[in-house]
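Here is a short tour of the model, meant to be read with the structure open beside it.

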Amino acid sequence: MRERFSQELELVGKELEALAAFVGKQIETASSALRTGDIEAAQVVIGNDKYVNDRDIEISNACAVLIARDQPVASDLRHLIACLKAVSDIERIGDYAVHAAKRAKDVAGGMKLLAGDRIARMMELGAAMLGDSVRALVARDETLARSTAALDSEMDEHKRVTYQDLLGIMADTPEALRDATKSLLLSRFLERMGDHAVTICSWAIYSASGEYVEL
Amino acid sequence: MNPIRTFADIIRSPGVDETASSDAGMSVVIKSLSAYYGKHRALEDIDLDVRPGLITAIIGPSGCGKSTMIRCINRMHEVIKGAYATGSVLLDGEDIYAPDASPVRIRRRIGMVFQKPNPFPTRTVYENVIAGLRLNLPKMPKAEYDETVERSLRAAALWDEVKDKLHSSGSALSGGQQQRLCIARAIAIEPEVLLLDEPCSALDPTATLKIEDLLFQLKAKYTIVLVTHNMQQAARASDMTAFMLADESHVGHLIEYGPTQRIFMEPREKSTEDYISGRLG
């Protein structure tokens with residue numbers, strides 16, 4: 001019974017995972033463009049953002065259609081609400097990849113990326129947290145959601161250290177002010193990736209248990 | 001007019017909030033109720049505490065004993081030859097299955113509305129409304145009947161539609177109007193509990209929503225028990241939901257009972273979840 005609905009619910013999950021994978025790839029591409037100053041790669045990431053926004057709206061619409069048409073209840077309803085909320089977080093993470101790509105263009109134009117290793121690690125971590133949080137949501141896996149959210153403390157730590165280091169550089173080397181500010185802001189945005197992934201983890205737990213937990 | 005709702009009313013589930021239960025209507029406490037059709041047992045040890053002033057929905061697949069259970073609440077079950085019930089049903093603390101309890105008096109305190117609108121076909125709208133009064137009570141002056149007809153039809157949200165055809169046949173009304181006429185007939189005797197057995201299953205969506213709005217108004221005065229096959233109706237219209245099931249190992253029994261919002265968002269039992277999400281069987 002309700003086989004069609006169950007299949008369609010699964011399809012929504014697959015689309016979410018596909019979108020998360022796509023945004024994960026955007027982050028990777030932006031990260032390597034930052035390292036190499038590859039302006040073309042950066043441009044591709046920026047150009048792809050429209051696709052991410054369109055998918056966000058499409059998936060949201062699909063959730064709305066399933067809610068209206070099949071009037072799901074209990075765990076099905078919670079799951080659809082969780083997907084509907086999570087897709088916006090995925091889209092926001094996509095925006096941060098675009099932000100990184102814009103900095104990559106700056107790098108191509110001569111900007112020196114500061115705290116580059118930490119920033120690279122934050123992007124790697126952001127992509128991993130995004131992928132795992134969405135996997136946890138789709139599989140309604142509370143354990144994976146909690147372990148993924150726990151990674152955010154590493155993200156916060158990178159941001160904290162980056163902030164300290166760059167403030168030091170700014171004080172010591174006023175001519176580095178512009179590059180340091182841009183690098184600092186970038187690390188701030190990348191740290192937000194982690195926060196959005198944590199929110200997705202909270203929705204995964206809501207879907208699985210009915211309780212919204214701040215992680 | 002429905003009471004004005006606030007955003008907080010969406011969040012607050014009346015069943016969860018103890019204070020939302022009013023002193024309107026009467027409590028119905030069902031204890032260890034079993035029902036039989038001759039040798040066949042149809043209900044097994046039901047314990048259910050129906051809260052006054054709330055709408056309680058009884059849901060469950062066909063054959064789970066929903067209708068049998070509500071028919072036990074007004075001793076209608078035993079009207080069928082060979083049928084009987086054991087256990088107790090307390091109306092405001094008074095056991096309706098006590099040896100000295102009078103079924104006729106009990107039925108006057110409990111109104112019932114059935115699946116198919118069943119106005120008396122040869123009687124007028126007016127006569128339909130007062131049919132119960134005429135049957136149960138000594139004859140009253142015409143002015144009092146007039147007053148009861150208007151009050152009951154207004155309470156059933158039907159007055160404006162029929163006030164100019166009170167003396168036409170009740171069966172000339174639309175299905176939805178006929179069902180509201182039956183509700184008017186049930187409340188004309190001023191019961192304290194209203195039992196409705198799938199009252200909307202023969203009605204179109206507009207008439208259904210009208211009945212649901214009506215129930216929402218009536219719960220200020222009556223304790224309402226609503227048997228429904230329609231999951232969305234239970235979710236929309238009730239404060240509390242009881243889920244019943246009959247399976248290979250058990251005849252009709254209660255699986256889960258709680259605030260409707262919780263039952264439909266976070267049911268505790270897997271079979272409840274399976275049933276409300278359409279996956280049972």
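Is Lys219(B) buried or exposed? Lys219(B) is buried, at a relative accessible area of 14%, where buried means under 20% relative accessible area, exposed over 50% and partly exposed in between (1.4 Å probe, protein chains only). Its salt-bridge partner is Asp239(B), which is buried as well, with 6% relative accessibility.

A word on the ground rules. This is a predicted model, in which local features need pLDDT of at least 70 and side-chain atom pairs count only at pLDDT 80 or more, while totals for chains, interfaces and linings use all residues. Residues are numbered from 1 along each chain as its sequence is written, chains are lettered from A and ligands numbered from 1 in the order in which they are written, and side-chain values use heavy atoms, with hydrogens and water left out.

**Salt bridges**

A salt bridge here is a side-chain nitrogen of Lys or Arg within 4 Å of a carboxyl oxygen of Asp or Glu. Over all chains the count comes to 33. Some of them are listed here:

| Pair | N to O distance |
|---|---|
| Arg279(B) and Asp76(A) | 2.6 Å |
| Asp239(B) and Lys219(B) | 3.0 Å |
| Arg105(B) and Glu94(B) | 3.2 Å |
| Glu94(B) and Arg109(B) | 3.4 Å |

Salt bridges that share partners join Glu94(B), Arg105(B), Arg109(B) and Glu192(B) into one network. Within it, Arg105(B) is partly exposed at 39%, and Glu94(B) is partly exposed at 37%.

**Where the chains meet**

Chain A brings 14 residues to the contact and chain B twelve, with contact meaning heavy atoms within 4.5 Å. Together the chains bury about 1100 Å², 47% of it on carbon and sulfur atoms; buried area is the accessible area (1.4 Å probe) that two parts lose on being put together, summed over both. On the side of chain B, Gln232(B), Met265(B) and Arg279(B) lose the most area, together 46% of what that side buries. The rule finds one salt bridge across this interface, and Arg279(B) forms it with Asp76(A).

**Nonpolar cores**

A nonpolar core is a set of buried Ala, Val, Leu, Ile, Met, Phe, Trp, Tyr and Cys residues joined through side-chain atoms within 4.5 Å. The largest has 59 residues, and Ile27(A), Leu34(A), Ile90(A) and Leu130(A) have the most contacts inside it. Another core lies apart from it, with 38 residues, including Val113(B) and Ile183(B).
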